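Please open the structure in your viewer and keep the selection tool at hand.

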Amino acid sequence: MPELPEVEFARRSLVRWFDGHRLVRTEADKKARTFRGAKVADFLKVKGALQSAARRGKYLLLAFSDGRGLVAHLGMTGKFVKRRPGEDVPYSRARFVLDSGDVIHFRDPRLFGRIEPAPASKLSQVEAVAALGRDPLVDGLTPEQLEDALGRSKQDLKVALMDQSRLAGLGNIHAAEALFRAHLHPGRKPTSLSKAEWGALAKAIDDGITFALEEEGDDGELDYVEEPGAPNPFLVYGHAGEPCRRCKAIIKSFTQGGRTTHYCPSCQPKHPKHAKQRSTP
Ligand SMILES: [Zn+2]
C-alpha cells in the first residue's frame, strides 16, 4: 500500500513525465468512485503544463498552468503509469493525455484512491490536506518535533505514528519499520518514551524513508509489496514467522488498531529494562 516513499515516487514520476509536455486532455471513468464527493466536470477541464507537483503525507498536490489543480490520494492500490497511445490499461480510472500522445493513467484496481479538483492556489487548503500533521521529508523532523507531535497521545505508539493529523505519511509498513529500527515495541505508550528513544525514533523514521526511496530508484514502475511477486525489501514488515535479521528471534505479528503489526519480540521489548544489549543491524 502506498505510503510516503511510494507517493514521493509517484510525484517524481509525474514531474519527469510532464517535463517539456502539456496536458491536452483529461478523461475519466465517470462511474468509478475515484471522484467521489468531487466534480468530475472540473477534472475534465484541466489543461496545460504541470507547474508544480508537491506532496504532503500521502497526498499529491498538482498545479497546472491554467490555474486549475488536483489533489490525489493513491488509496490502497492506486498508481500513475505512462503508456503509449492506444495501450489498454486495466483499471484505468482517469487519464492525462499529453501533447506527445502518451497517456498517464491513474490505475486503481480497488478504488480506494481519490482525485479532487481544486484551484491550483488553494490545494493546501483542501480539507484533507489542511488536516495533515508534519511531513518528515518536506518539513524535517527533529526528536523534539516528533515528541511534540506524538508525546501526549494515549494511543499505542504505532497507532499514533499512523495518525496522519500528528505525522503525515507513515502507514502500516513504515510505522512498523521505524519502530523496528528504533528498537521500540509497537504497543509502547508515547508518554513512556525517553528523550533518547524519541531521538532514535526520529532517526529511524528518516532512515526508513531514505532506504525506501533508494530501493524504489528514480525510474520505471513501482510494485507495491502486497502485489503478487513483488519483492519485500523491508526489515520486519511482512516477515512474521521468519528470523529477525538482527537477532534471529522469530518475527511476530498481532492485530493493533485493526491492522497487522509485525515486530521482533526480542529486540523490540515491551518493557525495555529487560532489553538485551542492543546491536546494530
Ligand atoms: Zn530481533
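**Before starting**

This is a predicted model, in which local features need pLDDT of at least 70 and side-chain atom pairs count only at pLDDT 80 or more, while totals for chains, interfaces and linings use all residues. Residues are numbered from 1 along each chain as its sequence is written, and side-chain values use heavy atoms, with hydrogens and water left out.

**Stop 1: helix H7**

Select residues 195–216, which form helix H7. Helices (H or I, at least four residues) and strands (E, at least two) are DSSP runs, numbered from the N terminus. The expected span of a helix is 1.5 Å times one less than its number of residues. For the 22 residues of H7 this gives 32 Å, and the end C-alpha atoms are 32 Å apart, which agrees.

Which residues of H7 are buried? They are Glu 197, Trp 198, Leu 201, Ala 202, Ala 204, Ile 205, Gly 208, Ile 209, Ala 212, Leu 213 and Glu 216. Here, buried means under 20% relative accessible area, exposed over 50%, and partly exposed in between (1.4 Å probe, protein chains only). Look down the axis of H7: the buried residues fall within an arc of 160°, so they line one face of the helix. The arc is that of the directions from the helix axis to the C-beta atoms.

Now colour Lys 195, Ala 196, Lys 203 and Glu 214, which are exposed on the other side of H7. Next, display helix H1 (4–18), helix H4 (143–150), helix H5 (157–161) and helix H6 (172–181), against which the buried residues of H7 pack. Contact means heavy atoms within 4.5 Å.

**Stop 2**

Select Ala 204, whose place is in helix H7. Ala 204 is buried, with a relative accessible area of 3%. Leaving aside residues up to four places away in sequence, Ala 204 touches Ala 178, Arg 181 and Ala 182. Draw a distance from Ala 204 to Ala 182: these residues are 22 residues apart in sequence and 5.6 Å apart in space, C-alpha to C-alpha.

Then select Asp 207, also a residue of helix H7. Is Asp 207 buried or partly exposed? Asp 207 is partly exposed, with a relative accessible area of 28%. Between the C-alpha atoms of Asp 207 and Tyr 224, 17 residues apart along the chain, the separation is 19 Å.

**Stop 3: helix H4**

Select H4 and highlight its buried residues, Leu 146, Ala 149 and Leu 150. Seen down the axis of H4, these fall within an arc of 80°, so they line one face of the helix. The face turned away from that buried side carries the exposed residues Glu 144 and Asp 148. Among the elements that cover the buried residues of H4 are H5 and H7.

**Stop 4: positive phi angles**

Most residues other than glycine have a negative phi. Leu 111 lies in the loop between strand S7 (103–107) and strand S8 (114–119), and is buried, with a relative accessible area of 18%.

Move to Lys 248, which has a positive phi of about 75° although it is not a glycine. Lys 248 lies in the loop between H7 and strand S9 (252–256), and is exposed, with a relative accessible area of 59%.

**Stop 5: the largest cavity**

On a 1 Å grid over the protein atoms alone, a cavity is a set of points where a 1.4 Å probe fits but cannot get out, and a pocket is an open set with protein on both sides within 12 Å along at least five of seven lines; lining residues have an atom within 4 Å of a point. Grid points are joined across faces, edges and corners, and a volume is the space filled by probe spheres set on the points.

The largest cavity has a volume of about 100 Å³. Select its lining: Glu 6, Phe 9, Ala 10, Ser 13, Trp 17, Lys 79, Phe 80, Gly 220, Glu 221, Leu 222 and Tyr 224. The largest share, five residues, comes from H1.

**Stop 6: the largest pocket**

About 290 Å³ of space lies in the largest pocket. Of its 16 lining residues, select those closest to the centre: Glu 216, Leu 222, Asp 223, Pro 231 and Pro 233. H7 gives the largest share of this lining, four residues.
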